[in-house]
Amino acid sequence: MVLGKKSVRINGADCGIEALFLGAISSMGGFLFGYDTGQISGMLLFSDFKNRFGQNDDGKGSKEFEPIIQSLLVSLMSIGTLLGALSSSYTSDLWGRRKNLSWGCFIFVIGSIIQIAAVDSWVHMMMGRFVAGLGIGILSVGVPMFQSECSPREIRGAVVASYQLMITFGILISNIVNFGVRSFEDSASSWRLVIGLGIAFQAPLGFGVFLLPESPRWLAGRQDWDAARLSFARLRGLKHDHRHKLVEDDMKEMRHILEKERLAAAGTWKECFVPQKNGVPKQVYRTILGVALQFLQQWTGVNYFFYYGATIFESAGIDDPIRTQLILGTINVAMTFFGLYVVEKFGRRVPLFVGAIWQAAWLAVFAAVGTALDPENNKTSGIIMIVAAAMFIASFAATWGPIIWVVIGETFPLRTRAKQASLATAANWLGNFMLSFLTPLATKGISYSYGFVFVGTNIVAALVVYFFLYESVSLSLENVDYMYSLPDLKPWSSSKWIPDGYTTRMKRDDAYFARQAEDDERTQVASGRPSRAVDDEKLAKGSSEVPRESREERVGNNV
């Protein structure tokens, strides 16, 4: 592509136009996630939808949902996403990051068609949501991983955070569509139009992803170093000069870590859970951390409002609950734009810690006011609850919404990145399922006191961030991996750590890399690939003249 030769300077380094284009196209996976999440909140209030799939007569000639049926209808999609997230580890490693994303879009379309075809069976509708969830789950792992592996480190945080931005935008668009079709909510075309638009929205990702370069780290993991170099060059806007110093530096940083990991053989599921002597630092630690952060993202309480917000505000006596939901969705989008700035300016740890405490405070206000003053009979109480919900969502959109996806994209080592990302994202969907299933039952039993549960989970989330999460802002993925190997470095002091070869996290030491280049000339073959890759090719052809150690190791042993 011509775009592979174009670049812009961001944070002092060249970033290719294709890298920005990659961020925009792949983030449509987040849009589908948000759109599918937001559409059900309004659809549950549509007259035709309730009359077709509801169970109980409301005494006014219409039907209402049984709480357990409503829970299943909303939450079974999350079981689909959980399974899709786990399967994504296989398909992304087997087929590549791009084909995996296109596969996720295809499954989502099948699920949407099943939903549109439903007539009067809530089971039919539920299974359609389950299948669509499989596709969303695949995308929820594949998109952040693809973005983090492809994006230059200078813009990686903002690019991966754009995934959450598009989630919020998808929620907002679904709210707008729900608001727009209310005029014919007594017709099946209302909810079918809402679902059908999702099929159109997946097209830019499903087809556009093949215009983008493949992940250089996936290509390098398959020993295709020439393709990895070309991919790096395109992402730097240097397709015409793939031997450029900037591309060479990116390749050297990646190769150093990948060669160490390759010597320890392929990653397995077992090592995600059981410590192994494989040279990969804190592997199980990072699995548990990723799972905890993704689970807690859901249990901050955000989807308490986005899945059931319209129903909650209707029960609170709000005249137009869908309009209220639309306002909250607008705040969500606006503050996520601010989150793109926050994630690069303030890093990962501080925003997540402060955000969790802020969210806990406003949820305490929401729950306390709703419990003390019945909002159905007290207008002031209802207004305060809406303000509290808005302040909570503003914080989530700027911190826990986008930054968790950034952390998941950059925390895991390459050898098990797909597997660990799948486990972490599956934990997100497990939390999503638990919340969406339990909320109707909990609100029926303890009403707005349910909000106090989220106060507690946000405090736990703040403690997890402070004591266990390392600061990875502006580091290459390989240096993030190295940072976790340092035994004396603690999470709360990790923001001060600077890797070798840098004067700051943003500025390279050119003299250091020049010395490295001189050393590499002695230990690399003419093709520029690690000599072990050439030795492996000889072994595959049956040569008996290749020693067991690589040429780099032989040089190192002779020095």
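1. A residue counts as buried here when its relative accessible area is under 20%. With that in hand, look at Arg156 and Glu410: both are buried, and they form a salt bridge whose closest N and O atoms are 2.9 Å apart. This pair links distant parts of the chain, with Arg156 in helix α7 (residues 156-180) and Glu410 in helix α19 (residues 400-411), 254 residues apart. Keep in mind throughout that this is a predicted model.

2. Another salt bridge to look at is Arg286 with Asp481, where the closest N and O atoms are 2.8 Å apart. It, too, connects distant parts of the chain: Arg286 sits in helix α14 (residues 283-298) and Asp481 in helix α22 (residues 477-483), 195 residues apart. Arg286 is buried, and Asp481 is as well.

3. For a local case, go to helix α3 (residues 47-53), which holds both Arg52 and Asp48, four residues apart, or about one turn of the helix. Their side chains meet in a salt bridge at 2.7 Å, N to O.

4. Over the whole structure, the search finds 14 salt bridges. Some of these charged residues join up: Asp93, Arg97, Glu149 and Arg417 are linked in a network of salt bridges.

5. On to the rings. The whole structure has 35 aromatic pairs. Take Tyr285 and Tyr470: their ring centres are 6.4 Å apart and their planes lie at 70°, so the pair is edge-to-face. Tyr285 lies in helix α14 and Tyr470 in the loop between α21 and α22, so this contact ties together parts that are 185 residues apart in sequence. Tyr285 is partly exposed at 25% relative accessibility, whereas Tyr470 is buried at 4%.

6. Tyr304 and Phe366 also make an edge-to-face pair, at 6.2 Å centre to centre with 90° between the planes.

7. The charged end of Arg255 is over the ring of Trp225, 5.2 Å from its centre. Arg349 lies over the face of Tyr466, at 5.5 Å from the ring centre.

8. Tyr466 turns up again on the surface, in a nonpolar patch with Val350, Phe353, Val354, Ile357, Ile459, Leu463, Phe467, Phe468 and Trp492; together they have about 910 Å² of accessible area. Helices α17 (349-372) and α21 (451-468) each supply at least two residues of the patch, and the largest share, five residues, comes from α21. Phe467 is found in α21 and is partly exposed, with a relative accessible area of 40%.

9. Finally, helix α2 (residues 28-43). Its 16 residues reach 22 Å from the first C-alpha to the last, close to the 22 Å expected at 1.5 Å a residue. Is α2 mostly covered or mostly open? Mostly covered: 16 of its 16 residues are buried.

Technical notes: Residues are numbered from 1 along each chain as its sequence is written. This is a predicted model: local features need pLDDT of at least 70, side-chain atom pairs count only at pLDDT 80 or more; totals for chains, interfaces and linings use all residues. Side-chain values use heavy atoms; hydrogens and water are left out. The expected span of a helix is 1.5 Å times one less than its number of residues. Buried means under 20% relative accessible area, exposed over 50%, partly exposed in between (1.4 Å probe, protein chains only). Patches are made of residues with over 30% relative accessible area and no salt bridge: like charges are joined within 9 Å, nonpolar side chains (Val, Leu, Ile, Met, Phe, Trp, Tyr) within 5 Å. Accessible areas come from the Shrake-Rupley method with a 1.4 Å probe; for residues, only the protein chains shown count as cover. A salt bridge is a side-chain nitrogen of Lys or Arg within 4 Å of a carboxyl oxygen of Asp or Glu. Rings of Phe, Tyr and Trp (its six-membered ring) pair if their centres lie within 6.5 Å; planes under 30 degrees apart count as stacked, over 60 as edge-to-face and the rest as tilted. A charge sits over a ring if NZ of Lys or CZ of Arg is within 6 Å of the ring centre and within 35 degrees of the ring normal.
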